[in-house]
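Subject: Handover of a structure and the findings on it

Dear colleague,

Please find below the structure that I am passing on to you. A summary of the findings follows it.

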Amino acid sequence: MNTTAQLSARERINSLLDGNSFVEVGALITRRSTDFNLQQNEVPADGVITGYGVIDGNLVYVYSQDKSALNGTIGEMHAKKIAHIYDLALKVGAPVIGLIDCAGLRLQEATDALNGFGEIYLKQTLASGVIPQITAVLGTSGGGSAVMTSLSDFSFMAKNGAKLFVNSPNAIEGNYTSKLDTASADFQSKSGTVDFVLEDDAAVLASIRDLVSILPSNNEDDASYDECTDDLNRMVPGLSASFTDAAVALKQISDNNYFLEVKADYAKEMVTGFVRLNGMTVGAIANRTEVLDENGKAAEKFDGSLTTAGCYKAESFAQICDSFNIPILTLTNVTGYKATLAEEKSIGIATAKLTYAFANATVPKVNVITGKAYGSAYLTMNSKHIGADLVFAVEGAEIGMMDAKLAAQIICDKDPSAVNTKADEYAELQSSAVAAAKRGYVDSIIDAASTRKHLIYAYEMLFTKRESRPSKKHGTV
């Protein structure tokens with residue numbers, strides 16, 4: 001076996017799948033082109049190993065590019081093998097996992113290779129929202145192959161030896177690799193291009209196995225459940241102190257403290273990931289005001305506002321959940337929109353996309369207001385007003401147009417001495433969770449410690465939810 005952190009193409013497949021489960025498809029296929037003396041080069045399997053196997057008993061299709069065969073470059077037959085795997089996966093409704101280690105287009109095959117790229121893009125587009133697509137960058141993924149990564153639902157990258165780029169760092173005007181390695185896992189994860197970054201091949205493959213185990217096999221599958229060994233009525237003392245870091249709170253709420261965070265390094269003010277509630281996979285989207293370290297101290301702080309990056313991160317995740325019938329949970333603690341010149345250029349459309357994603361989703365949707373819920377930013381965060389099925393508010397939550405004192409200052413602009421009195425009155429009548437509940441905008445006010453059991457009951461009740469929408473081809477937002 002390869003002793004380095006990077007495994008061979010076949011070792012990667014064997015590490016990914018259950019033991020002795022891999023069945024290769026198209027092992028004898030090789031290149032047809034003989035231009036530029038290609039006939040003199042032996043290209044085993046045309047540089048990609050394709051087939052199927054199982055992960056924890058779940059059928060998956062997989063392709064693994066072989067850098068030892070013409071550097072894993074994509075040529076005509078290489079692409080046809082991947083396209084064929086997609087055809088099979090779509091017929092039976094099973095995920096496709098791509099293990100990328102590719103130097104890009106095979107120059108000797110030129111237009112045939114370009115056609116091959118196009119065929120793969122088409123198959124990925126047809127499969128989008130039908131079967132989960134997972135891509136892992138374990139070596140080089142440049143140019144057109146970088147597009148394959150972003151056409152997937154989830155992307156992984158190894159810190160050791162992996163490079164992902166459309167333009168190489170040295171090809172970017174004013175840049176070079178030693179100045180800023182734009183192909184590195186660190187850069188790509190912080191820019192939101194990849195969802196998961198792990199140390200090496202083995203860690204990436206283990207994480208893919210974990211992800212596959214909680215996802216449905218296709219958009220009609222309802223088997224993304226597991227037996228729950230946690231107490232369904234478990235209280236979570238001290239949960240209210242964790243709401244500022246939603247990643248910590250979600251972990252505490254989930255079965256056996258399971259939480260798989262997606263895009264952890266990107267737009268940290270918005271948390272996305274998967275939890276388990278009574279064995280059911282639930283997609284969680286939450287506002288975050290601080291990142292807590294292992295000692296419970298704030299390592300980073302945010303102002304509680306929606307940002308462009310945070311909206312895009314949440315919108316993409318909500319679309320994936322809705323596509324695969326995964327229920328959505330939101331933890332809302334938002335005060336407004338980020339107010340900077342840079343944000344003003346894009347926050348409007350980003351917020352519109354997130355609002356549309358929540359409103360358009362037909363899966364069970366539950367919102368827990370954990371802190372402040374102000375203005376139209378609150379509306380965007382899966383509020384009752386745009387279609388949430390159930391809304392809970394934690395005791396002490398604030399729901400309204402703006403901070404009560406600020407509202408009082410506007411109301412009492414001609415009588416400043418009355419601001420404090422008017423602020424208390426405004427907080428009680430217009431900005432409290434009780435006031436919102438009286439109007440039907442909140443279904444229940446709960447003790448923070450009981451959040452887990454309330455969520456479990458809610459999703460059990462919503463399990464058979466069906467919601468019809470006006471007939472249309474697709475939305476335009």
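A polar contact is a pair of N or O atoms within 3.5 Å; within protein, one of the two must be able to donate a hydrogen and the other to accept it. Please bear in mind throughout that the model is a predicted one.

Asp 46 and His 78

A contact of this kind involves Asp 46, where a polar atom of the side chain lies 2.6 Å from the backbone nitrogen of His 78. Asp 46 belongs to the loop that runs between β1 (23-24) and β2 (48-55). Its relative accessibility is 0%, so Asp 46 counts as buried.

The cavity

The structure contains one cavity of 30 Å³ or more. The volume of the largest cavity is about 50 Å³. Its lining is made up of Glu 269, Met 270, Asn 287, Arg 288, Gly 304, Ser 305, Leu 306, Thr 307, Gly 310, Asn 333 and Val 334. Two or more of the lining residues come from each of the elements β14 (305-306) and β15 (328-334).

Helix α10

Helix α10 covers residues 347-360, and its length can be checked against expectation. With 14 residues at 1.5 Å a residue, the helix should span 20 Å; the C-alpha atoms at its ends are 19 Å apart, which agrees. The buried residues of α10 are Ile 347, Ala 350, Thr 351, Leu 354, Tyr 356, Ala 357 and Phe 358. Gly 348 also lies in this helix. The relative accessible area of Gly 348 is 48%, and this residue is therefore classed as partly exposed, given that exposed requires over 50%. Between Gly 348 and Gly 53 there are 295 residues in sequence and 45 Å in space, taken from C-alpha to C-alpha.

Cysteines

How many disulfides does the model contain? With a cut-off of 2.5 Å between cysteine sulfur atoms, the count is zero. Cys 228, for instance, takes part in no disulfide, and the nearest cysteine sulfur, which belongs to Cys 321, is 19 Å away. As for Cys 102, its relative accessible area is 1%, so this residue is buried.

With kind regards

Note on methods: Residues numbered from 1 in each chain as written. Predicted model: local features only at pLDDT ≥ 70, side-chain atom pairs only at ≥ 80, totals over all residues. Heavy atoms only, no water. 1 Å grid on protein atoms, 1.4 Å probe; cavity = no way out; pocket = protein on both sides within 12 Å on 5 of 7 lines; lining within 4 Å. Points joined across faces, edges and corners; volume = space filled by probe spheres on them. Helix = DSSP H or I, 4+ residues; strand = E, 2+ residues; numbered from the N terminus. Buried < 20%, exposed > 50% of the residue type's maximum accessible area, 1.4 Å probe, protein only. Expected span 1.5 Å × (residues − 1).
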